[in-house]
Amino acid sequence: MKLTKNKILNTIVIAILWAQTTTFKAQSNDNDHPNVIFISIDDLNDWAGKLNIHSQAITPNMDYLFNQGVLFTNAHCSQAVCTASRNSLLSGIHPTTSGWYSSTSAMRKTYDQVMGDHKMLPQYFKDNGYKTLAVGKVFHGGVSDYKNKTQDFWDITAPNYKVPKDLKDRGDGYGGTKFYPFPQKGSQIINHYGKEYSNGHSLCYGALEREDMPGGKMFDELITEWAVDQLQKEHQKPFFMAVGFVRPHVPYTAPKHFFDLYDLNKIKLPEIPENEFSDIPIMGKSIAFGTIKNGDHNAVVNLSNTYWKELIYGYLACISFVDNELGKIIQALENSKYANNTLIVLWSDHGQHLGEKRHWRKQALWEESTHVPLYFKLPGNQQQKANCNQVVSLLDIYPTLVDICGLPEAPKLEGNSILPLIKNPNLEWNKPVLSTWYYKNHAIRSQNWRYIQYRDGSEELYDHKIDPGEHTNLANDPKYKKVIEEHKKWLPTQNALPAGKTEWKGDKLDQRASQWIKNDSIPAWLR
């Protein structure tokens, strides 16, 4: 009997030790492979939160979140347009290597050629043991730009946004239901100028009532609900959840409550010197012109004396709206069982001009186009709570997540892990960022300078220590020759042709510039 008791006692002790060991291993495993919430906010420029570029932006939830981790205040995209930026970030490959400058259809056709055995970020996590989930605009087209690859990327995806015909008609054929609804009375651009201006009619704004929204909700609200629901579920494996918010992308529409936060009469306009374009090369002028007939800025300022201010009003309301949705996800995470073992990364695909440089798009090489919020919060309380002003790239996100999550090093990544900066935001870095606007137009953003070289060889140079608005082009001043030479070292040695092309024959930027030169017809507002 005594022997039996000892055996039982030993069995119990062994079971307890095994359970403790198993629990320790599980906890250790969790620490090695934290959950990831991967939050993107479309077209969010550098006005939000602690970036403090625009003092009127009301973003309490971003402020709250940014005070818990490391906010990179000098982060920049690879190319300032949705498709190229997102595919660059998610592949870890720069457009000058891939040739993925704009066309989604060309990206699909050359996917295997560009990627080879390399994997998009979500697939890499999925293949390394993560449960992958996606909602909203993660790639340009939604949860994927590649229908035949979607199941390789994600275990679970959310439904798309369905817009009824009566609300779709307000957009006059604008593509992508995820960007709806348009204003109650449609686009102010079309209403004022007519259908011939429809190529830029999304540059509009409006406060919405609930009956203006499909089912009474904006897409971003449905995105939030889905993400919150996932955080309340049981996940047996570490998860990688991508949450892609759509606002503040055009049209600048949001629930009326968020417009009520602002006083239209007190909205501040950006500072635009009278001679802003006197020192800008013709390729820069062609980029600034935009897409609307007779030019975007020309259309805005001539629609009414207040329309410029109204568009900023709409953009600010959209920022506050998406900030509110972000806050719901952060609260749900904090109230969940995953609160202490989840990494948060927040980013935007590019900036957005609101009249700076007389430009109203992203799609340029100036600060307002390339500068984005980038934020990391490590699981638990592992890093400082600080701003880091070292210049970094969105290309750095993929290798950083691999590094933090303890996954095998991924081949072909062209960014750098910025985990050292997350751990020590004051670390010396000195890795300038290359941003490209389509083929062979480049910007090099270093800690204190922006150098631009267009495909015709013309240049711009700005000293951010004294000219953060980039109003004075120093490129033709011999005093800065050495600065230019230093920045030229960071230009790509090879420029991939646009995907699917075998030679370069120019594009609409070249054609526009050529016509202006030939006819001496540069618009007065760009001279």
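Two strands are said to pair if DSSP finds at least two bridges between them, and strands themselves, like helices, are DSSP runs numbered from the N terminus (helices being H or I with at least four residues, strands being E with at least two). The structure is a predicted model, in which local features need pLDDT of at least 70 and side-chain atom pairs count only at pLDDT 80 or more, while totals for chains, interfaces and linings use all residues. Residues are numbered from 1 along each chain as its sequence is written, and side-chain values use heavy atoms, with hydrogens and water left out.

- Strand S6 (residues 239–245) is largely enclosed by the rest of the structure, because seven of its seven residues are buried, where buried means under 20% relative accessible area, exposed means over 50%, and partly exposed lies in between (1.4 Å probe, protein chains only).
- From S6, Phe239, Met241, Val243 and Phe245 point one way, and Phe240, Ala242 and Gly244 point the other way, all of these being buried.
- S6 runs parallel to strand S3 (residues 131–136), to which it is joined by six bridges, and Ala134 has Ala242 in S6 as its bridge partner.
- S6 also pairs with S1 in the parallel sense over six bridges, with Phe240 in S6 as the bridge partner of Val36.
- Strand S1 (residues 35–41) is in turn joined to S8 by six bridges, again in a parallel arrangement, and Ile37 stands opposite Ile344 in S8.
- Strand S8 (residues 342–347) is mostly covered, with six of its six residues buried; Thr342, Ile344 and Leu346 point one way, whereas Leu343, Val345 and Trp347 point the other way.
- The pairing of S8 with strand S9 (residues 371–377) is antiparallel and consists of four bridges.

- An open sheet of four strands has the order S12-S13-S14-S15, with antiparallel pairing; its edge strands are S12 (433–436) and S15, each of which pairs on one side only.
- The twist of this sheet averages 15° from one strand to the next.
- Within the sheet, S13 and S14 pair in the antiparallel sense over four bridges, and Arg445 stands opposite Arg450 in S14.
- H18 lies across S13, S14 and S15 and runs at about 75° to S14, where axes are lines fitted to C-alpha atoms, for helices over the stretch in contact, and angles run from 0 to 180 degrees between N-to-C directions.
- The buried residues of helix H18 (residues 481–488) are Val483, Ile484 and His487; they fall on the same side of H18 because they cover an arc of only 100° around the axis, the arc being that of the directions from the helix axis to the C-beta atoms.
- Lys481 and Lys482, on the other side of H18, are exposed.
- The cover over the buried residues of H18 includes strand S13 (442–445), strand S14 (449–453) and strand S15 (459–463).

- Helix H13 (residues 296–303) packs with helix H14 (residues 307–334) at an angle of about 105°, their axes being 7 Å apart; that makes H13 roughly perpendicular to H14, on a scale where angles under 35 degrees count as roughly parallel, over 145 as roughly antiparallel, 65 to 115 as roughly perpendicular and the rest as oblique.
- In this packing, His297, Val300, Val301 and Leu303 of H13 meet Tyr307, Trp308 and Leu311 of H14, where contact means heavy atoms within 4.5 Å.
- In helix H5 (residues 104–115), the residues Thr104, Ala106, Met107, Thr110, Tyr111, Val114 and Met115 are buried, and the buried residues of H5 pack against helix H3 (82–91), helix H4 (95–98), helix H6 (121–127) and helix H7 (150–153).
- H5 is followed by Gly116, whose phi is positive, near 55°.

**Arg527**

- Arg527 is placed in the segment after helix H19 (508–519), and this residue is partly exposed, with a relative accessible area of 43%.
- Although Arg527 and Ile282 are 245 residues apart in sequence, they are 9.2 Å apart in space, C-alpha to C-alpha.
- Leaving aside neighbours within four places in sequence, Arg527 is in contact with Phe277, Ser278, Lys285, Asp520, Ser521 and Ile522.
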